[in-house]
Amino acid sequence: MSMVSTGPRTNLLRACWAASMVILLIALGAVPSFAQKAAPRDPAEPAQGGPQPKLPGRPGGAIARKSVDQQSMQALIHQLVECGTRLTLSSWTDPRRGIGCARDRVVARLQEIARQSGGKLQVVVDKFEATAERTGGKPVPLENVYAILPGSDPKLAKTLFIVSGHMDSRPTKVMDAEADAPGADDDGSGTAVSVECARLLSTLVASGKASMRATILFAVVSGEEQGLLGSTHLVEWTKQQGYTVGGMMTDDIVGADPAPGGPHRVRLFSGNGEIEDADGASRELARAIEEIDGREAIRMVFRLDRYGRGGDHAPFYRAGLPAVRFTEPLENYAHQHQTPRTEEGVEYGDFEKYLSFSFLGDVARDNAEALRQLAMAPRPPANARLRGAVTPDAKIVWTAEDDPERAGFEILWRETTEPRWQVYDFATAAGETVLKGVSTDNHFFAVRAVGNNGARSIAVPTEMK
Ligand SMILES: [Zn+2]
């Protein structure tokens with residue numbers, strides 16, 4: 001085919017090229033007015049074209065995939081599996097078998113990382129008791145392990161971002177403290193992600209290459225399989241310590257990707273919240289993570305969790321806090337919550353051999369980068385409201401504390417049927433922004449804060465009230 005041909009195939013190629021450019025531009029969020037363009041038969045809002053704000057770029061210095069220490073993640077999971085069982089009701093004192101063995105190994109690894117960070121990271125063992133149906137209705141001892149990377153900014157040091165995995169595991173019978181429960185994936189994988197995030201981010205801070213304004217907590221909890229006991233306690237602990245939770249992400253079953261055609265995207269589950277005509281903070285945390293790590297890395301699922309299952313983000317979500325769950329692309333139920341055995345040729349058990357450490361490393365990188373950007377960001381705006389009902393102009397109103405490190409605020413909008421935000425306008429100060437010629441009724445709106453460093457807070461949807 002010659003270069004000057006105008007045959008049907010060339011036209012088709014041009015059409016494909018044009019379509020792919022549109023998709024690319026939408027993906028980059030480069031053209032704010034595309035929310036309108038998707039539906040040419042609807043009236044344009046505003047009629048004269050929207051603002052074209054110049055927006056600060058995202059923060060540089062993203063965590064590189066090659067900086068993830070995959071070998072150490074694998075080694076930690078191996079050490080956890082060696083503990084035989086990590087049922088929360090097993091021994092806390094036996095150094096070789098039971099959940100105490102797991103705690104010791106997690107603490108040892110975190111202390112090693114803390115030494116490498118020149119003391120930036122503080123390792124804490126939080127001991128408590130809990131009673132639940134799956135403790136036999138009587139109080140049992142539990143322990144969570146935390147590594148804390150204190151925020152550098154006095155204004156934000158009491159804002160806490162959390163990444164968690166759970167060190168406990170279970171066999172088929174959830175009260176059976178004797179049976180083997182290797183728990184390589186559930187949740188050795190999430191434990192390794194939380195610990196590796198502690199290494200990546202404390203190393204970054206220790207090197208002076210980045211400063212985290214907010215505090216980050218790398219949690220390894222217990223009691224998940226007995227009814228989310230460790231994370232339920234962690235919600236209370238954050239309150240007692242005077243923290244505001246800026247975002248919580250749990251990694252639970254993030255180590256395998258056996259389906260052909262991989263690597264596939266990790267799933268990110270988020271609940272709706274209960275606000276009429278606005279998504280809750282957990283959904284906004286999911287959107288923020290997807291925007292940071294990219295659509296090629298993250299598959300958002302707009303659902304609190306998989307049916308019939310729970311996770312450590314749920315107690316945070318139910319407390320109205322932004323909390324989400326990472327889980328591998330497609331689960332194999334023969335490899336979860338199963339006492340190791342072979343039946344009719346099927347092997348059951350949660351073994352290391354089913355894990356993909358390169359997939360797990362990707363997940364660690366994506367968690368760490370999301371934590372980095374969120375902890376660098378200004379506090380989200382407050383009291384975001386939509387005004388202007390039954391008028392031609394939408395008005396977005398919000399408040400925010402003074403923050404010299406903040407460049408301003410992005411006004412976001414989306415079609416009510418669109419999953420993702422686009423930037424409509426930029427405002428340097430809190431207060432009211434009038435969206436001239438934009439109806440209150442045809443879009444959802446939100447506001448987020450943008451730092452001088454380019455880091456964005458999670459979005460705060462406007463409520464009409
Ligand atoms: Zn789990």
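Trainee: Which residues of α4 meet which ones in α5?
Mentor: V106, R109, L110, I113 and Q116 of α4 are in contact (heavy atoms within 4.5 Å) with T191, V195, E196, A198, R199 and S202 of α5. This is a predicted model, where local features need pLDDT of at least 70 and side-chain atom pairs count only at pLDDT 80 or more, while totals for chains, interfaces and linings use all residues. Residues are numbered from 1 along each chain as its sequence is written, and side-chain values use heavy atoms, with hydrogens and water left out.

Trainee: At what angle do α4 and α5 pack?
Mentor: About 10°, with the axes 9 Å apart. Axes are lines fitted to C-alpha atoms, for helices over the stretch in contact, and angles run from 0 to 180 degrees between N-to-C directions. α4 and α5 are therefore roughly parallel (under 35 degrees; over 145 is roughly antiparallel, 65 to 115 roughly perpendicular, the rest oblique).

Trainee: Where does α4 run?
Mentor: Residues 99-116. Helices are DSSP runs of H or I, at least four residues, and strands are runs of E, at least two, numbered from the N terminus.

Trainee: And how do α7 and α9 pack?
Mentor: Helix α7 (residues 281-293) and helix α9 (residues 357-376) pack at about 110°, with their axes 9 Å apart. That makes α7 roughly perpendicular to α9. On the α7 side, L285, A288, I289, I292 and D293 take part, and they meet R365, D366, E369, A370, Q373 and L374 of α9.

Trainee: Is D186 buried or exposed?
Mentor: D186 is buried (under 20% relative accessible area; exposed is over 50%, partly exposed in between, 1.4 Å probe, protein chains only), at 4% relative accessibility. D252 is buried too, at 2%.

Trainee: Where does K209 lie?
Mentor: In the loop between α5 and β4 (215-221). K209 is exposed, with a relative accessible area of 70%.
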